[in-house]
Amino acid sequence: PRPPRARAPRCPSLALRALLARQGFDIEIKLATPDDMAVTPPSEVERMVDNILGAVEVAEARDEGQGKRKRPLLFSSFDPDVCDLVKRRRPFDCVMFLSTGGTSYHADRRRMSIDAAIEVAVLCGLQGVILDSGALWSDQGAVTRAKAKGMAVMTYGQENDDVAWVEGQRRLGVHGVIVDDVEKMRAAFLG
């Protein structure tokens, strides 16, 4: 017997419904590709992207029917093929490639360095990269290299709970940081 067809994930649809139409957010698309598998099977990439974008499109149609404007969305993934497919299907949305910058191993060489991540973003026509802030700490010149190619740079990671390092990233020209301790950063930067 054939397995039942997977339904579109409800999470993006529920999140879009719960937020005000002017509020944007990042939809990170995660796949369970083992680190020793160089490339996620294309059928799995398509299945996940189809389901997630389907849920987003349903929510957007509902918002449009209620006269709400299109909300800003950022799509991101550690899988370069996911980023490429999302950008081809949603060319007007912001898509950024998430990268550990080599702080953890993966068989896909595109995931193993900051420069490889920048190259993926350029080749796929993405808006930029979201880098592990620890990797950026070790290669601060990456911001200049990415910006020279027209890429935005954001960061994530535990190091982003250090106010001094977040300020250092601002001075480097990082466009945004993803933090766990929002209140700490709010107090440090907004007083």
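Here are some notes on the fold of this chain, going from the overall layout to the helix contacts.

1. First, the ground rules. This is a predicted model, where local features need pLDDT of at least 70, side-chain atom pairs count only at pLDDT 80 or more, and totals for chains, interfaces and linings use all residues. Residues are numbered from 1 along each chain as its sequence is written, and side-chain values use heavy atoms, with hydrogens and water left out.

2. The overall make-up: the chain has 8 helices and 6 strands. Both are DSSP runs numbered from the N terminus, helices being H or I with at least four residues and strands E with at least two. Starting at the N terminus, the order of elements is α-β-α-β-α-β-α-β-α-α-β-α-β-α. The radius of gyration is 18 Å, close to the 16 Å that the globule rule gives for 191 residues, so the chain is as compact as a globular protein of that length. (That radius is taken over C-alpha atoms, and the rule is 2.2 Å times the number of residues to the power 0.38.) Along its principal axes, the C-alpha trace spans about 50 × 40 × 25 Å.

3. Now the sheet. It is open, with 6 strands in the order E1-E2-E3-E4-E5-E6 and parallel pairing; two strands pair if DSSP finds at least two bridges between them. At the edges sit E1 (25–28) and E6 (176–177), each pairing on one side only. Further in, E4 (residues 128–132) and E5 (residues 152–156) run parallel and are joined by 5 bridges. In this pair, Val-129 stands opposite Val-153 of E5.

4. Next, helix H3 (residues 80–89). H3 lies across E2 and E3 (94–99), at about 175° to E3. Axes here are lines fitted to C-alpha atoms, for helices over the stretch in contact, and angles run from 0 to 180 degrees between N-to-C directions.

5. H3 also packs with H2, at an angle of about 45° and with the axes 10 Å apart. That makes H2 oblique to H3 (under 35 degrees is roughly parallel, over 145 roughly antiparallel, 65 to 115 roughly perpendicular, the rest oblique). The H2 side of the contact (heavy atoms within 4.5 Å) is Val-45, Glu-46, Val-49, Asp-50 and Leu-53, and the H3 side is Asp-81, Val-82, Leu-85, Val-86 and Arg-89. By class, this contact has 6 nonpolar, no polar and 4 charged residues. Ala, Val, Leu, Ile, Met, Phe, Trp, Tyr, Cys and Pro count as nonpolar, Asp, Glu, Lys and Arg as charged, and the others, Gly among them, as polar.

6. Last, H7 (residues 163–172) and H8 (residues 182–190) pack at about 60°, with axes 11 Å apart. So H7 is oblique to H8. Val-163, Val-166 and Glu-167 of H7 meet Lys-184, Met-185, Ala-188 and Phe-189 of H8. That contact divides into 5 nonpolar, no polar and 2 charged residues.
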